Amino acid sequence: MDSLNPFILSPGKLEAEHGVATTAETKEELKSYETVGDITVDNPRMTARDVDVFYADNHAIIDVSLDIGSNEVIAMIGPSGCGKSTFLRCLNRMNDTIDICRITGSIKLDDKDIYARDLDVVELRARVGMVFQKPNPFPKTIYDNVAYGPRLHGLVRTKAETDEVVFQSLEKAGLFEEVKDRLDQPGTGLSGGQQQRLCIARAIAVAPEVILMDEPCSALDPIATARIEELIDELREQYTICIVTHSMQQAARVSQRTAYFHLGKLIEVGPTNDIFTNPSAKLTEDYITGRFG
Amino acid sequence: MTDSNVSNDSASLVKQSLRRRHRSEKRFKLYGLVAISIGLVFLVLLFASIIGNGYTALSQTMMQIEVDLAADKIDPKQTLDPKILRAADYGGMVKTALRKEFPDVKKRKQKKALYQLVSSGAAETIRNAVLADPGIIGTTQTFWVPADDDVDMLVKGYIDRDVPEGDRRVKDIQLAWIDRFDEQGRIEKRFNKAFFTNGDSREPELAGIWGAVVGSIYTLLVTLVLSFPIGVSAACYLEEFAPKNRWTDLIEVNINNLAAVPSIVFGLLGLAIFINWAGLPRSAPLVGGLVLSLMTLPTVIIASRAALKSVPPSIREAAQGMGASAMQTVTDHVLPLAMPGMLTGTIIGMARALGETAPLLMIGMVAFIADVPQSPVDPSTALPVQIYLWADSPERAFIERISAAIIVLLLFLMVMNGLAVWLRSRFERRW
């Protein structure tokens, strides 16, 4: 099964490449693994319980339970294909568009099941925004990029209201000063880092509760990355942020809690400091010390 | 062997292979240049032959005759009733005028030859003049009337005076008369307005393409109105909404097959369904447009799907991530980005439809129709069918008119392709 999916490291390959034996050799063995650390928080915004995700026959996420606290930045790390992005996309049902994807378990936003029949996915995505790996502004003006969400959800009625929301969002995303003179120019004409901040401005324009970020800095240079990281820290005061990242330094810099995924399993979760200085699980330790990943 | 030897060796090997690669690169470039040159040569030949044959159709030989508009022949009771004015025997007056020109022509056969000098359209010219201004009745007026197509051909130099009389369409005696007209300066080539304003005619000097142009425009309008919205909707559904299963696969395969069906088959289908079963009028641009829509639809759908596919998925993700519904994603983002490609595909399909003859033959648009159609349900013909019809006619004068009609058709196509280019650059957006 694993050999069918190139993204899932087969343990044999790991051993051959790195000369270390992992504590869990196969996905089968990992199935009965219990997550280390406290998955709960005092004031959860989203709670995931016993989530399993299948892509056709591939068991991509295995029995993951995790709380996401209000106004915290939670980082999800792990090797490629470990399921961290898949889990993130479950949180605003972006996986709905994939026909072969099947999800079981429960994910709640403020105690309301987001996979409930009576929940409209449009409403969910207004409350749980998303920023993607590659900056993907619409091929419209900077202004229209930010104004799209509020107009779509009917949050603004007049030009003045729209202006206010657009300016505030750009301000919050730290982009307003740079673009205030060219709001009528295409968003695609900005630099990569500016585009990503535009996407963040677009996401916060609909006043979401949670912002999901799927490797938001992987296409950016270090300076642009530093700006986004600063921004994430500022946004934490108003929003809950889940960030998937490949960079452990980034996770250490921006997050308060860190969750480590491996082969579709949530291995360990805890305060970021503890995870990086004193991991409890052998797999976590191997990963953060750079033995594989 | 030392390390430096090894590297020297490989360096020279690389050099050798480099030379080979450069050679093959040059060769490849040359092939391309040769191919393009051949294409250009044929294009130039095509245009040269068409324009060379066709430009003479832009002028028409006219003759000046003096016609006695005797009141007792036109309107004996002086009613000035247009009905009576229209019914008068203007052909007879033209004949009288010609006889007066050459009083020594007495034999019946010679008279007939004399009458053949001017077109039967001469009577029409005089009738129109009289109807426009009945005040000229009772006077003698000079008129420039179209010459017969044989005279036209002679003046344009297509008829050789040196061949024996028996093999010539213009007889010796007619040559003498024409020369006399010429000496008096009463024969002249003028701009052939009739070619652009008239419908079809059996007489080449009266035949025009306007009827066919209007027929083509109506046909294409019907085709555009039907095939663009249906094609774009079908492409959107198949690409953005339809589940991927055996049924949609089957539909896709069949659309691709339909694009390759010979166009005459669509003509037969149109004959069976639109005319025989639905009872729509024969020879009408409406039916022609319906048939050509059937033919164009697969092209439009395939082009539109390709345009939709080329929209990056990140745009869809961005829109969905903002909470746009599937339909809003398509209408707000995907469709505007795919529109230039869709329009280009549609116009290319329309250009193909414009040049299509076979299906129109099946639904009767090949009939001889002299009137310019007033609506899409009037009997009509289309440009390529008109060319086909004229190519079937024996008169020498139709040859130049065929080429001229082809020039008009090509201009039509160029305008449409230019429109496609303009639309694409107008709507294209970068992402």
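Guide: What follows is a conversation about this predicted model, with each term set against its cut-off.

Visitor: What makes up chain B, in helices and strands?
Guide: Chain B has 18 helices and three strands. Its domain assignment lists domain 1 (3–55), domain 2 (59–192) and domain 3 (210–427).

Visitor: How do you know how chain B compares with a compact globule?
Guide: A compact globule of 431 residues would have a value near 22 Å, but chain B has 32 Å. The C-alpha atoms of chain B also fill a box of roughly 110 × 65 × 35 Å along the principal axes. As for its domains, the C-alpha centres of domain 2 and domain 3 of chain B are 46 Å apart.

Visitor: Why is B:S283 called buried?
Guide: A residue is called buried if 20 or more other C-beta atoms lie within 10 Å of its own. B:S283 has 21 such neighbours inside 10 Å, so B:S283 counts as buried. You will find B:S283 in the loop between α12 (263–277) and α13 of chain B. Across chain B, 35% of the 431 residues count as buried.

Visitor: And why is B:L43 called exposed?
Guide: B:L43 has 10, so B:L43 is exposed. B:L43 belongs to helix α1 (residues 3–54) of chain B. From B:L43 to B:Q374, 331 residues apart along the chain, the C-alpha atoms are separated by 36 Å.

Visitor: What makes the phi of B:S283 worth a mention?
Guide: Most residues other than glycine have a negative phi. B:S283 is a residue other than glycine, yet its phi is positive, near 60 degrees.

Visitor: Which strand holds A:D50, and is A:D50 buried or exposed?
Guide: A:D50 sits in strand β1 (residues 44–55) of chain A. The cut-off for exposed is 12 or fewer C-beta atoms within 10 Å, and A:D50 has 11, so A:D50 is exposed. A:D50 is not a glycine, but has a positive phi of about 50 degrees.

Visitor: What makes a group of residues a nonpolar core?
Guide: Its members are buried nonpolar residues joined through C-beta atoms within 7 Å. The largest such core has 88 residues, and B:V94, B:L383 and B:A405 touch the most other members. Helix α13 (residues 285–309) of chain B gives the largest share, 13 residues.

Visitor: How do you know where this core lies?
Guide: Domain 2 (59–192) and domain 3 (210–427) of chain B both give residues to this core, so it lies between them. Apart from this core lies another, of 85 residues, including A:V64 and A:C217.

Visitor: Which residues does B:V94 touch, leaving aside those up to four places away in sequence?
Guide: B:V94 touches B:I65, B:V67, B:V118, B:A122, B:A123 and B:I126.

Visitor: How do you know that β4 and β5 of chain A are paired?
Guide: Pairing needs at least two bridges. A:L109 stands opposite A:K112 in β5(A). In the hairpin of β4(A) and β5(A), with two residues between the strands, A:D110 takes a positive phi near 50 degrees.

Visitor: How many bridges join β1(A) and β4(A)?
Guide: They pair in the antiparallel sense over eight bridges. The bridge partner of A:Y55 in β4(A) is A:C101.

Visitor: What makes β2 and β5 of chain A edge strands?
Guide: The open sheet has the order β2-β1-β4-β5 in chain A, with antiparallel pairing. Strands β2 (58–69) and β5 (112–113) each pair on one side only, and are its edge strands.

Visitor: How do you know that chain A and chain B touch?
Guide: Two residues are in contact if their C-beta atoms lie within 7 Å. On that basis, 20 residues of chain A are in contact with 18 residues of chain B. On the side of chain A, α4 (121–127), β6 (128–131) and α5 (142–152) each supply at least two residues. By class, this side has 10 nonpolar, six polar and four charged residues.

How values were computed. Residues numbered from 1 in each chain as written. Chains lettered and ligands numbered in written order. Predicted model: local features only at pLDDT ≥ 70, side-chain atom pairs only at ≥ 80, totals over all residues. Helix = DSSP H or I, 4+ residues; strand = E, 2+ residues; numbered from the N terminus. Rg over C-alpha atoms; globule rule 2.2 N^0.38 Å. Domains from an automatic or database assignment. Nonpolar A, V, L, I, M, F, W, Y, C, P; charged D, E, K, R; others polar.
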